[in-house]
Amino acid sequence: IVSHATTADILSDNAKAYAAAASRLMNGDDLLDDALAPAFYLLIGFALELLLKAICLGDGASQATLKSLRHDLHKAYNEAMKTGKVPRVMTPLGELVIALSEQHKTHVFRYTPDNPPVVVPPPRYCVDVLNEAISTCLH
C-alpha cells in the first residue's frame with residue numbers, strides 16, 4: 001500500500017528528473033540539435049504530466065482520477081487548478097500546457113517519423129517555465 005503523499009513525492013521527484021534530463025539535451029546556446037528535439041519535448045511533456053499529477057495527488061486526488069487524466073496535459077492542468085496550487089489565470093505554465101498538450105496526448109514526440117512538423121516553444125522557455133512551476137507549485 002502506497003499513501004497519496006508518498007506517490008505524490010515519487011511523481012514530484014520524477015518530474016524534476018525529467019526536467020533536468022531535458023535541460024541537459026540543450027547545447028551551450030540553449031538550442032537543440034534537430035535529432036534531439038523529439039526526445040527533449042517528450043521529456044518536457046513527461047515532466048509536465050508528472051508535475052500536474054503530483055499536485056493533484058498531494059491534494060488528495062484518487063488514483064482513479066489520475067488514471068482518468070491519462071496523458072492529457074490540458075485535463076491534468078484543469079484538475080491541478082482545482083487544488084489552488086496552480087493559478088486560475090493564464091500563466092506561462094498554462095501557455096506551455098496549451099502548446100504541448102495535443103502533441104503529448106497523441107504521442108507525436110514518441111512516434112516522430114509518421115508525424116508532420118509541429119510548432120513548439122523554444123527549449124529555454126520550456127525549461128524555465130517548468131523549473132519555475134516545480135519550485136512554486138510543489139512547495
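Biologist: Which residues line the largest cavity?

Modeller: This is a predicted model, and a search of the whole structure finds 1 cavity of 30 Å³ or more. About 40 Å³ of space lies in the largest cavity. Its lining consists of Leu42, Phe46, Gln103, His104, His107, Val108, Phe109 and Arg110.

Biologist: Which helices each supply at least two residues of that lining?

Modeller: The lining includes Leu42 and Phe46, as well as Gln103 and His104. By class, the lining has 4 nonpolar, 3 polar and 1 charged residues. The helices that each supply at least two of the lining residues are α2 (37–58) and α5 (92–105).

Biologist: At what angle do α2 and α5 pack?

Modeller: Two packed helices are described by the angle between their axes and the distance between the axes. For α2 and α5 the crossing is left-handed. Their axes are 10 Å apart, and the angle is about 115°.

Biologist: How many nonpolar, polar and charged residues are in the contact of α2 with α5?

Modeller: On the α2 side the contact has Tyr41, Ile44, Gly45, Phe46, Leu48, Glu49, Leu51 and Leu52. These meet Leu93, Leu96, Val97, Leu100 and His104 in α5. By class, the residues of this contact divide into 10 nonpolar, 2 polar and 1 charged.

Biologist: Are α2 and α6 roughly parallel or roughly antiparallel to each other?

Modeller: Helix α6 covers residues 123–137, and its axis comes within 11 Å of that of α2. The two axes cross at roughly 20°. Angles under 35 degrees count as roughly parallel, so α2 and α6 are roughly parallel.

Biologist: Is α5 oblique or roughly parallel to α6?

Modeller: The axes of α5 and α6 are 9 Å apart, and the helices pack at an angle of about 125°. Angles of 65 to 115 degrees count as roughly perpendicular and those over 145 as roughly antiparallel. The value for this pair therefore makes α5 oblique to α6.

Biologist: How many charged residues are in the contact of α5 with α6?

Modeller: The crossing of α5 and α6 is left-handed. Pro92, Leu93, Glu95 and Leu96 in α5 meet Tyr125, Cys126, Val129 and Ala133 in α6. Glu counts as charged. The contact has 7 nonpolar residues, no polar ones, and a charged count of 1.

Conventions: Residues are numbered from 1 along each chain as its sequence is written. This is a predicted model: local features need pLDDT of at least 70, side-chain atom pairs count only at pLDDT 80 or more; totals for chains, interfaces and linings use all residues. Side-chain values use heavy atoms; hydrogens and water are left out. On a 1 Å grid over the protein atoms alone, a cavity is a set of points where a 1.4 Å probe fits but cannot get out, and a pocket is an open set with protein on both sides within 12 Å along at least five of seven lines; lining residues have an atom within 4 Å of a point. Grid points are joined across faces, edges and corners, and a volume is the space filled by probe spheres set on the points. Helices (H or I, at least four residues) and strands (E, at least two) are DSSP runs, numbered from the N terminus. Axes are lines fitted to C-alpha atoms, for helices over the stretch in contact, and angles run from 0 to 180 degrees between N-to-C directions. A crossing is left-handed if the near helix is turned anticlockwise from the far one by less than a right angle, and right-handed if clockwise. Contact means heavy atoms within 4.5 Å.
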